[in-house]
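Please find below a colleague's note on the model under review. The points are numbered so that each can be checked against the structure.

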Amino acid sequence: MTPKQKYYENIAKTVIKNLEKRQMEGYYCPDRASAVEKALSLMPEGSSIGWGGSMTLGESGLMDAIAGGQYELIDRNTAKTPEEKRAMGGRLCCSDYFLMSTNAITVKGELVNMDGFGNRVAFLCYGPQNVIVLAGINKVVRDVESGIQRIRTAAAPPNTVRLDKKTPCALTGVCGDCHAPDCICSQLVITRHSSVPGRIKVILVGEELGY
């Protein structure tokens with residue numbers, strides 16, 4: 001084990017201990033393959049699964065894994081009309097598992113997330129029976145303010161480029177604290193506690209994943 005790998009393991013242990021104080025479960029996996037294996041072990045075959053937009057889920061291989069598994073997948077991208085999207089939202093709200101990443105997680109165990117429309121953070125807060133958060137070690141920050149700063153500098157700008165949004169940060173790479181029509185920073189949610197013990201399960205991965 002290299003010094004960096006040992007550091008990742010040590011800081012993950014600290015985060016997991018603090019997640020437990022907040023009634024959230026935490027797990028550490030040294031690489032993406034073992035993280036996918038862990039996530040699959042938490043979801044019995046036949047479970048209904050939805051997910052929020054996330055580079056991490058794709059990069060880790062988890063999306064490919066569930067596509068090849070025996071699950072009921074609820075893909076919001078298949079909805080074509082406003083009526084279908086509304087119905088899909090209802091199915092997602094009642095799903096067994098909702099998969100997502102987090103924009104940042106503090107060493108104290110707080111999840112920090114910023115959304116455009118808020119559908120991802122909505123299901124983190126309420127609805128699905130279980131939420132599995134897959135996060136690379138690069139998402140760990142000192143505190144909430146550092147998490148917000150991370151979103152403004154490392155997460156939102158590349159995401160606006162990926163999504164072809166017309167925002168100041170997409171054009172300059174620097175947050176403009178904007179109110180542009182394409183703004184993806186409408187909802188700021190800090191998850192400091194889970195009212196339902198164990199509903200939120202965080203898998204920390206000893207690799208850099210996502211934005």
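The points below treat the basis of the note, the helices, the strands, the cores and some single residues.

1. Basis of the note. This is a predicted model, in which local features need pLDDT of at least 70 and side-chain atom pairs count only at pLDDT 80 or more, while totals for chains, interfaces and linings use all residues. Residues are numbered from 1 along each chain as its sequence is written, and side-chain values use heavy atoms, with hydrogens and water left out.

2. Helix H1. Helices (H or I, at least four residues) and strands (E, at least two) are DSSP runs, numbered from the N terminus. Helix H1 covers residues 3-21, 19 residues in total, and spans 28 Å from its first C-alpha to its last. This is close to the 27 Å expected at 1.5 Å a residue, where the expected span is 1.5 Å times one less than the number of residues. Its buried residues (buried: under 20% relative accessible area; exposed: over 50%; partly exposed: in between; 1.4 Å probe, protein chains only) are Tyr8, Glu9, Ile11, Ala12, Val15, Ile16, Asn18 and Leu19. They pack against strands S1 (25-29), S5 (104-106), S8 (140-141) and S10 (200-205). Just after H1, Gln23 has a positive phi of about 65°.

3. Aromatic pairs. Rings of Phe, Tyr and Trp (its six-membered ring) pair if their centres lie within 6.5 Å; planes under 30 degrees apart count as stacked, over 60 as edge-to-face and the rest as tilted. The whole structure contains 2 such pairs. The rings of Tyr7 and Tyr8 have centres 5.7 Å apart and planes at 50°, so this pair is tilted. Tyr7 is partly exposed at 48% relative accessible area, whereas Tyr8 is buried at 14%.

4. Strand S4 and its partners. Two strands pair if DSSP finds at least two bridges between them. Strand S4 (residues 97-100) pairs with strand S2 (residues 48-51) in the parallel sense over 3 bridges, and with strand S7 (residues 130-136), also in the parallel sense, over 4 bridges. Phe98 of S4 is the bridge partner of Gly50, and Val131 in S7 is the bridge partner of Phe98. In a regular strand the side chains alternate between the two faces of the sheet. In S4 both faces are covered: Tyr97 and Leu99 on one side are buried, as are Phe98 and Met100 on the other.

5. The open sheet. Four strands form an open sheet of 4 strands in the order S8-S5-S6-S9, with mixed pairing. S8 and S9 stand at the edges with a single partner strand each, so one side of each has no neighbour in the sheet. S5 and S8 run parallel and are joined by 2 bridges; Ile105 stands opposite Val140 in S8.

6. Nonpolar cores. A nonpolar core is a set of buried Ala, Val, Leu, Ile, Met, Phe, Trp, Tyr and Cys residues joined through side-chain atoms within 4.5 Å. The largest has 24 residues, and those with the most contacts inside it are Ile105, Leu111, Ile200, Val202 and Leu204. At least two residues of this core come from each of H1, helix H5 (82-93), S4, helix H6 (119-125), S7 and S10. H1 gives the largest share, 5 residues. Another core, of 19 residues, lies apart from it and includes Ile49, Trp51, Leu99 and Leu134.

7. Asn103. This residue lies in the loop between S4 and S5 and is buried at 10% relative accessibility. Its side chain reaches the backbone nitrogen of Met114 at 2.8 Å, a polar contact (N or O atoms within 3.5 Å; within protein, one must be able to donate a hydrogen and the other to accept it, and residues adjacent in sequence count only if both atoms are side-chain atoms). Beyond neighbours within four places in sequence, Asn103 is in contact (heavy atoms within 4.5 Å) with residues including Val112, Arg120, Lys139 and Arg150.

8. Ser47. The loop between helix H2 (32-42) and S2 holds Ser47, which is buried at 6% relative accessibility. A polar atom of its side chain lies 2.6 Å from the backbone oxygen of Pro44. Leaving aside neighbours within four places in sequence, Ser47 is in contact with Tyr71, Glu72, Asp96 and Tyr97.
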